[in-house]
Structure formats: structure tokens, C-alpha cells
Amino acid sequence: MPKPETPTDPLIAEALAEAVPADAPARLRKRGGRAANQRRGGAAIRQMPWTDVVNIDRPTEPLSPEGVDAIHNGAMRVLEEIGIEFLHSDAVAILRDAGCIVDGENVRMGRDLVMEMVGKAPSEFTLTPRNPDRKITIGGRHMVFGNISSPPNCSDIERGRRTGNRADYRDLMKLTQYFNCIHFAGGYPVEPVDIHPSIRHLDCLFDKLTLTDKVAHAYSLGPERIEDVMEMVRIAGGLSHADFDATPRMYTNINSTSPLKHDWPMLDGAMRLAKRGQPTIVTPFTLAGAMAPVTMVGAVTQSIAEALAAIVLLQIIRPGVGCAIGTFTSNVDMKTGAPAFGTPDYVRATQMTGQLARFYGLPLRSSNTCAANTPDNQATWESMMSLWAAVTSGTNMVYHAAGWLEGGLCASFEKFVMDCEVLQQFIAYMKPMTTGPEDVAVDAIREVGPGGHFFGIQHTQDRYETAFYAPFLSDWSNYENWEDRGAVTTVERANRVCKKILAEYEEPPMDIAIRDELEAFVERRKQEGGAPTDF
């Protein structure tokens with residue numbers, strides 16, 4: 001497996017030497033170093049610091065209380081009268097024992113049971129990765145952003161569109177670690193198809209846990225993969241089995257097979273995580289007009305029913321385990337059947353789901369999505385619509401926040417950088433307002449008086465460097481200066497920034513003994529065959 005790159009930057013080498021003396025015992029030597037770690041983000045761009053983002057705005061609520069009740073009652077009727085198919089015999093048995101009505105794989109559950117079980121789920125929970133300074137809170141008014149997850153392709157303007165591979169996967173993981181506005185490492189930022197599926201999860205999680213120190217996601221794709229990932233997260237954190245089970249350290253996201261089904265691999269993984277106290281985000285993939293009713297209210301109703309059904313199962317298994325409702329409700333292009341994202345309908349569906357999530361006391365996940373095929377104007381406005389949907393709905397966890405193209409089929413290196421510029425702007429936008437005397441600034445207004453200017457007064461001089469958001473990607477120069485510097489477009493600037501970031505990237509510190517144990521586990525599981533496949 002790849003070894004960490006040797007830093008060639010003399011400043012990085014110097015910082016490493018300061019952090020870890022050459023004669024330190026081997027067990028104390030780590031990859032990276034505190035001094036070098038503090039430098040990250042200082043050369044390629046000046047980025048905002050890691051921060052606990054709190055959404056100070058009141059959520060937008062398009063539904064009246066009667067509208068919320070209508071969708072709730074509709075979802076309860078779906079669960080009571082129609083039922084959800086659970087394609088997992090153990091799940092069906094658990095639900096039968098809890099009092100649900102079972103007919104083969106179809107499970108119907110009464111609203112009293114649903115509300116009792118959903119009421120056991122916490123409205124807020126934390127996720128603590130191997131670096132406790134990167135702990136995040138899911139729920140309340142907290143808001144966290146993650147990288148794009150699961151596309152089969154990636155692209156940049158120099159090498160074009162290509163099938164996912166491990167080298168690009170690692171580079172996208174480096175961007176995930178580098179940007180402070182990215183709070184968690186979601187699924188694979190591109191699927192590395194050059195690694196056989198039987199062992200892909202081992203190499204990918206090794207890379208994720210060594211190239212980043214942020215909260216890690218695990219795919220719920222059968223018992224071997226989820227058990228391997230739990231063990232790798234435990235090892236990377238230097239945890240005992242009891243310590244791992246005591247606190248949420250990782251999470252999974254499962255999707256229903258809309259309409260009205262939960263399949264075996266995802267149920268199996270979520271159930272295994274629940275038994276060990278690790279959270280699950282339940283995200284139905286409901287496209288209005290295709291896999292859900294053509295009305296957005298109907299699509300949200302179906303989505304809520306599908307999500308609650310799985311949450312009930314997980315709460316029966318382990319009452320109080322973290323769960324969240326994910327929304328991926330959008331519409332299709334009724335002319336072609338293609339998914340559409342970042343639409344007005346998507347925004348309203350996200351906001352309505354936010355209202356229902358608060359009604360049930362559950363955290364909410366949404367996404368930064370677009371249908372554009374290249375990082376152009378369409379990608380920009382669709383992503384802005386998606387992110388405004390997240391902010392105005394009270395979303396707690398934003399999936400695919402950076403890098404998404406082609407309806408999720410491609411990870412764009414340039415769009416990753418462009419999205420991070422937008423994420424920083426939203427984080428700056430959510431900064432709380434203060435209204436002390438120096439903020440209201442009556443004395444400054446008095447000092448300048450009618451017809452003057454504020455450039456030179458001390459009030460401005462004391463604040464000008466931090467008064468406003470400073471972009472790392474936008475170009476605010478006039479046309480002549482922009483043209484004199486080569487008329488570089490936003491996408492071209494993003495490409496240059498991306499290359500600079502990757503050139504200066506440095507792995508976060510990891511104890512050598514832990515890294516060796518992690519590597520040994522991966523090699524042993526590879527020799528055992530990893531996860532079974534039919535090819």
C-alpha cells in the first residue's frame with residue numbers, strides 16, 4: 001500500500017524536525033507534526049479556520065402546522081396500510097417481535113410504535129474521529145459539510161473525464177483533509193475501480209484513515225465490509241473495543257430502494273453499526289415522477305415513511321442510537337426522465353423535510369447537488385440553490401458539499417475547490433452578529449461627519465483586515481487588471497489552486513505503532529480474501 005510522501009518543502013521538513021526529534025523513540029515518532037499541521041492551508045490559500053458552524057437563521061417553513069400534520073398522517077398511513085419491504089430476514093423477525101404485522105417481507109407498523117421508537121432517537125449526537133479536535137455535532141443548529149461521495153468518474157480541465165482510480169481517490173482525500181470547511185470524510189470521493197471490490201474497502205479506508213483525521217463513513221455493503229471498517233476505525237483511534245462501543249466514532253448512510261423497500265446489504269450494515277452504538281443516516285432516494293409521486297408533497301410523504309421505517313428498526317435494536325433523516329427528494333426531467341437537482345422543487349422538498357425532521361426531533365441531512373456536466377454557470381446556480389436549501393431547511397449534515405457534477409456521476413477537482421469557496425462564504429454568512437457600541441459605531445460616524453470618508457479613521461484601521469470575508473478564489477480586480485494577468489477564468493484559477501494544495505499537502509500525524517497495526521490488519525484481511533464477490 002502507498003507510503004506517505006516524503007516532504008520536499010524545506011519549511012515542512014523543518015516543522016517535522018521540530019515536532020519530532022530525530023532521536024525520539026520509535027513509538028513516539030509520528031507522520032506529520034504539530035508545527036507542520038498548523039501550517040496547512042497557509043501557503044496555497046488563506047482559508048478560514050476549522051470551526052463549529054452554527055446556523056443562526058430561523059429555518060424557512062413552507063408548510064403550515066396543518067401541512068406538517070397532513071404529511072405526517074400520510075406517512076403513518078403508508079406505514080400502517082401499505083407497509084415497507086425489508087429484504088432481510090433478521091430485520092423482519094425483529095420487527096415482528098416488536099408487534100409489527102408481517103406478510104413475507106412486507107412489514108406494516110402502527111403509528112404508536114413508530115412514534116415511541118422514533119422518540120428514543122437523540123435529537124443531537126456527536127461523532128469523534130481519531131483526532132478529537134475534529135469532533136463534530138450532528139443535530140440542533142449545528143451544520144457540517146462533507147466531500148462528494150461515490151461517483152464512478154472524476155475530471156479536471158487538463159486530464160479530462162476518466163474512470164475513478166486510487167491515485168485520484170487519494171488526491172480527493174487530500175483535498176478533504178486540507179479544507180477546514182470540510183468537516184467529515186464521506187464515502188469514496190471517487191470509486192477506485194482499479195482496486196478489486198473484494199479488497200477495495202480495505203485500501204480505501206486505510207487511505208482515508210491515514211490521509212485524513214476527520215470523521216469517517218463506512219458503506220453498508222454486507223457484513224465483512226462493515227465489520228472491517230469498524231475495526232479499522234477502532235485501531236486508527238487507538239481505542240479498546242469498549243471505548244469504541246461507548247461513543248459514536250463513525251457512521252453510515254443507507255438509501256431505501258424507492259419505492260418502499262430497504263435492501264439486505266444496507267440493512268445488515270446499519271444493524272451491525274447500531275448494535276455497537278454507531279449512527280446511521282437514512283436517506284430515501286425519491287425522485288418525484290419516477291420513484292415517488294409526481295407531487296413534491298407526495299414524494300416527501302413517501303420519503304418520510306421510508307426513513308422512519310428503518311429508524312424504528314434501529315431504535316428497537318439499540319434504543320438511543322444516533323439516527324438522522326436524509327433527504328434526497330428532487331424531481332425528474334419529465335421530457336427525458338433524467339434526474340434534476342438544484343431546482344426550486346428540490347429546495348421546497350428539502351425545506352419541507354426539514355420541518356418534518358424537527359417534528360420528529362431528528363437531525364437532517366441534505367446534499368449539494370447539481371445536474372451540470374461541467375463546472376460552469378449551470379453547476380454554480382444549481383449548487384447555490386442546493387446549498388441555500390440546506391441553510392434554509394435547517395440541515396445539519398450536508399453530503400456531497402464539494403466536488404459534485406453530472407448528478408453525482410463525476411467528481412470534479414475544480415468544482416471541489418469552487419464549492420469550498422462557497423462553503424466558506426456560507427460559514428462567514430452564519431457568523432453571529434454583535435451589536436455593542438463599537439459595532440453600532442456612532443462615535444465613528446460622529447468622527448467622520450457629513451461628506452467625509454471612513455478609510456483613514458482608527459475604527460476602520462483596527463478592523464479592515466478582518467471586517468469582511470476575503471475570498472481565496474474570487475477575482476475582484478477590474479477588467480483591465482484581470483486581462484493583464486492573463487484573463488484567467490474561475491475554473492482555471494481553481495485548477496491552479498488545486499495543484500498548489502496537493503503540492504503542499506501533508507499527512508496528519510499518526511502514531512507509527514498504530515499505523516503499523518492498521519497496515520497489518522489490512523494485509524491480513526487481504527490474505528483472507530476480504531469481502532466475497534461473484535467475480
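**Exercise 1. Disulfides**

Determine how many disulfides this predicted model holds, and state where cysteine 154 and cysteine 410 stand in relation to them.

Solution. The count of disulfides is 0. For cysteine 154, the nearest cysteine sulfur is that of cysteine 410, 6.5 Å away. A disulfide needs the two sulfur atoms within 2.5 Å, so cysteine 154 is in no disulfide.

Next, decide whether each cysteine is buried or exposed. The cut-off for buried is under 20% relative accessible area. Cysteine 154 has 0% and is therefore buried; cysteine 410, with 0%, is buried too.

**Exercise 2. Helices α14 and α19**

Describe how α14 (residues 413–429) and α19 (residues 490–504) are arranged, and list the residues that meet.

Solution. The axes come within 8 Å and cross at roughly 95°. Angles of 65 to 115 degrees count as roughly perpendicular, which means that α14 and α19 are roughly perpendicular to each other. On the α14 side, the residues in contact are Phe413, Glu414, Val417 and Met418. They meet Thr490, Val491, Ala494, Asn495, Val497 and Cys498 in α19. Sorted by class, this contact has 7 nonpolar, 2 polar and 1 charged residues.

**Exercise 3. Confidence**

State what the mean pLDDT of the chain is, and where pLDDT stays under 50.

Solution. The chain has a mean pLDDT of 93, with 92% of its residues at 70 or more. Over residues 3–41, pLDDT stays under 50. The model has 61 contacts beyond four places in sequence for residues 3–41. Where pLDDT is low, predicted coordinates should not be read in detail.

Definitions and conventions: Residues numbered from 1 in each chain as written. Predicted model: local features only at pLDDT ≥ 70, side-chain atom pairs only at ≥ 80, totals over all residues. Heavy atoms only, no water. pLDDT = per-residue confidence, 0-100. Contact = heavy atoms within 4.5 Å. Buried < 20%, exposed > 50% of the residue type's maximum accessible area, 1.4 Å probe, protein only. Axes fitted to C-alpha atoms, helices over the stretch in contact; angles between N-to-C directions. Helix = DSSP H or I, 4+ residues; strand = E, 2+ residues; numbered from the N terminus. Parallel < 35°, antiparallel > 145°, perpendicular 65-115°, else oblique. Nonpolar A, V, L, I, M, F, W, Y, C, P; charged D, E, K, R; others polar.
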